[in-house]
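Hi,

Here's the structure I said I'd pass along.

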Amino acid sequence: MIPMLVADSNRIAIAQERLARRLADRFSLRILDLPLVVPPLGIDVLFNPRLAGDSATLWLVEAIRAELRATP
């Protein structure tokens, strides 16, 4: 959603470079270097609290956690 929110506006966003480069042409985005050092970005999982006990949601969250543990 971020590329659509900042495209053709005066807004800015911080995104992982690989993702930004893939979306830059599609959404006419300019990629600029930040004038400061930003610590590595984490990955957050946001979902509707009503689905907290949903087996598919729990499976997805655990699959993401397992992948992140396995990634150097």
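**What turned up**

R69 is exposed, because its relative accessible area is 58% and the cut-off for exposed is over 50%. Before going further, keep in mind that this is a predicted model.

R69 has a partner: its side chain meets that of E62 in a salt bridge, at 2.8 Å from N to O. E62 has a relative accessible area of 37%, so E62 counts as partly exposed, since that class sits between the 20% and 50% limits.

How many salt bridges does the rule give? The count comes to two. In the other one, the side chains of E17 and R21 meet, with 3.0 Å between N and O. Both of these residues belong to helix 2, which covers residues 17-27, and they sit four residues apart, or about one turn of the helix. Are E17 and R21 buried or exposed? Both of them are exposed.

As for why such contacts turn up, side chains of opposite charge can pair when their charged atoms come close.

One more residue to look at while you have the model open is A70. You'll find A70 in helix 3, which spans residues 55-70. A70 has a relative accessible area of 63%, so A70 is exposed.

Cheers

Definitions and conventions: Residues are numbered from 1 along each chain as its sequence is written. This is a predicted model: local features need pLDDT of at least 70, side-chain atom pairs count only at pLDDT 80 or more; totals for chains, interfaces and linings use all residues. Side-chain values use heavy atoms; hydrogens and water are left out. Helices (H or I, at least four residues) and strands (E, at least two) are DSSP runs, numbered from the N terminus. Buried means under 20% relative accessible area, exposed over 50%, partly exposed in between (1.4 Å probe, protein chains only). A salt bridge is a side-chain nitrogen of Lys or Arg within 4 Å of a carboxyl oxygen of Asp or Glu.
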